[in-house]
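Please read the following note beside the sequence and the model. Its points are numbered so that each may be checked in turn.

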Amino acid sequence: MTRTIHDSGAAILLVLTAAGGALVGFACTNVDSSKDGVASSMMAEKNEAGLSLSSASSLIHNNRTPDDPKVEAGEASILAGQRIFRFDTFGDEAFWGGALKLHQAIEGKAHGGFGAGVSPKTALAVGLKVDAEAIPRQVALGVKSGKVSLDDPATTLALLTLNAVVGVTGFFKNDGSLKSLGVQCVFCHSTVDDSFAPGIGKRLDGWPNRDLNVGAIVNLSPDLSAVGTFLGIDEATVRTVITAWGPGKFDAELFLDGRGMRPDGTTAATLIPPAYGLAGVNLHTSTGWGSVPYWNAFVAVLEMHGQGNFFDPRLDDTVQFPVAARNKSGHTVVADDRVTPKLAGLQAYQLAIAAPVAPAGSFNADVAKRGDALFVGKAKCATCHVKPLFTEPGWNMHTPAEIGIDSFQADRSPDKRYRTTPFKGLWSRQKGGFYHDGRFATFLDVVNHYGATLSLGLTDAEKADLVECLKSI
Ligand code: HEC
Ligand code: HEC
C-alpha cells in the first residue's frame, strides 16, 4: 500500500511504501494504479518531498528492473537535473550582477555596494525564500533567539554564503564582499514549506513562488539601461513596466515583443506556473511554446540571460516579435554554451517532480466525487482536461474563443492559442488566481465562466460540487 501523508498542512510529504500495492486516491485526482505508475510515482513523490533521490534507486529496483545500468544512468540524470534546477546559473551572473549590479543593491553601502542594502526581512517581503536545511543549527538558534538580526543586510550576505537563499547565488571576492549574483530556475519555480518561519523552511521544488515580486527585485538595480536598450525603450518605462508585474508574476514575452501592458493598461505579465506534474504533457507554457527542453533552453538563454545557444526562427517575425527579431534572439550562439549540455538532466528532473496530492481534510471527498461525475459528464471539463494528465493527449491547444477569453496573450505566441492547463496539484497554487494571468480569483469564478461560455446550465449546487472536485485535484 502506498499512501501520501501530509504533515499538518505544512505540505511535507512522507511516503510509506510496501511493494506491490495500489495507490489510494479520490475520484477527481489523477491517481494511476498501474504497476508502472506505482514505481514512477513513488520515485517522484520522494522527489517532491525534497528528500534525497538516492532512495529512488531501491524503489526502482524493488519494483522493476534490478541492476539495470540503464535505469541507474536515468537516476543519475534526474539527480544531476535536480542540482541544475536548484543551483545552476548558466553564467547568468554576467547579467544579474554584471549588467544589473543587483549584488551591490543587496550588500548596501556599508559592505561596498550602495544604498541601505537588503535585509533578510526585506528579502522575505519581496517573496524570496530561505532554505532552512542550508542553515547550520547555531545560526538557526541565533535567528530564533533574535541574536542573528533579520534587519541587517550582513545577515543576507551570510545566508548567501551558505547558499540558503532559494534560487539566488552570490559570488564572493576574497575579502568576503560580493562580486556578482546569479539566479536559478528555483528562484521562480520553488518555494519552501514555512516550517521554520514564514518564508523559511524546506524546499518545495516545482511549486510556483506566488509571493516572489520579480519586478520589485529587478527594480532594485541602479542601472536598467541595458534592459532599456534591448527593448528599445527608456529606463523609466522599463521601471514602470516591471513594477506593474506584482507578486507571483513575470513576463517572459516582454523580451520578444516589448509589450509591457495590455490594451486596458494593466500588466501583460503572467503567473509563474508550477514545474511539477508535467510528465506526459505535450506542449508547455500557457500558450504552448514547445516542449520542456524547448522552454528550458528559451528561459535559460533569453530570460535568465544565461550563456547558451538557442534556436527558434519563429522569433524572426518582425511584426509579432520586433524585439527578438531585432536582437536575433532566435539565433543565439555563444562561445561557451553552458545550457545545451544540461537540457537532458533538467528535463529528466522536471518530469520526475510529481504534483503534490491534496491533503485529506482539505476538501469533502463525497462532494468532490459528485463534482467528478460532473467534470467528466455534464460540465464537459474532461473533454479538454483529460485524466490523468488533465490536458489533451496530443495537440493540447485551443483558440481564445473556445474558452471564451480575449486573445491578447495568445497573440504573443507562435500558435496564437491557449494550452489546456495540466492542472495536477491545483489545490496547492490557488494564490494568485487561475488562467494564465490569474484573472479568475477563485474556483467558483472559473466554474461560473465555463458555465456561461459553454452554456452548461449548471445549478448552484452543481457548481459547488465542481468547486470541491477542483479542490481535490
Ligand atoms: C523569473 C522567473 C522564472 C525563472 C527564473 C524561470 N521561470 Fe519557468 N516560467 C516562468 C513563467 C512566468 C512561465 C510562464 C510563461 C508563459 O506561460 O508564457 C514559466 C514557464 C515554465 C514552464 C512551463 C510550465 C507549464 O505549465 O507547462 C517550465 C517547464 C519552466 N518554466 C521551467 C523553468 C526552468 C527549468 C527554469 C530554469 C532554467 C525556469 N523555468 C526559470 C518564470 C520563470
Ligand atoms: C475547450 C477546452 C476546455 C474545456 C471544455 C475546459 N477547459 Fe479548463 N482550460 C482550458 C484552457 C485552454 C485553459 C488555459 C486558460 C488560460 O491559461 O488562460 C484552461 C484552464 C483551466 C483552469 C485554470 C488552471 C490554472 O492553473 O490556472 C481551470 C481551473 C479549469 N480550466 C477548469 C475547467 C473546468 C472546471 C472545466 C469544466 C467546467 C473546464 N476547465 C473545461 C481548456 C478547457
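1. Leaving aside residues up to four places away in sequence, Val130 touches Leu159, Ala164, Val165, Val166, Val192, Gly199 and Ile200. Two residues are in contact if their C-beta atoms, placed from the backbone, lie within 7 Å.

2. This is a predicted model, in which local features need pLDDT of at least 70 and side-chain atom pairs count only at pLDDT 80 or more, while totals for chains, interfaces and linings use all residues. Residues are numbered from 1 along each chain as its sequence is written, and chains are lettered from A and ligands numbered from 1 in the order in which they are written.

3. Val130 is also one of the residues with the most contacts inside the largest nonpolar core, together with Val165, Phe298 and Leu466. This core has 100 residues. A nonpolar core is a set of buried Ala, Val, Leu, Ile, Met, Phe, Trp, Tyr and Cys residues joined through C-beta atoms within 7 Å. A residue is buried if 20 or more other C-beta atoms, placed from the backbone, lie within 10 Å of its own, exposed if 12 or fewer, and partly exposed in between.

4. Val168 is found in strand S4, residues 168-172. Helices (H or I, at least four residues) and strands (E, at least two) are DSSP runs, numbered from the N terminus. Val168 counts as buried because 25 C-beta neighbours lie inside 10 Å. Not counting residues up to four places away in sequence, its contacts are Leu128, Leu160, Leu181, Val183 and Phe187.

5. The C-alpha atoms of Val168 and Cys185 are separated by 9.4 Å. Cys185 is among the closest of the 27 residues that surround ligand 1, as are Cys188, His284, Thr285 and Ser286. A residue is near a molecule if its C-beta atom, placed from the backbone, lies within 6 Å of it.

6. Helix H14 gives the most to the shell around ligand 1, with five residues. The shell around ligand 1 has 18 nonpolar, nine polar and no charged residues. Here Ala, Val, Leu, Ile, Met, Phe, Trp, Tyr, Cys and Pro count as nonpolar, Asp, Glu, Lys and Arg as charged, and the others, Gly among them, as polar.

7. Which residues come nearest to ligand 2? Of the 25 around it, they are Cys381, Cys384, Phe434, Tyr435 and His436. Strand S14 (418-419), helix H18 (443-453) and helix H19 (460-471) each give two or more residues to this shell. By class, the shell around ligand 2 divides into 15 nonpolar, seven polar and three charged residues.
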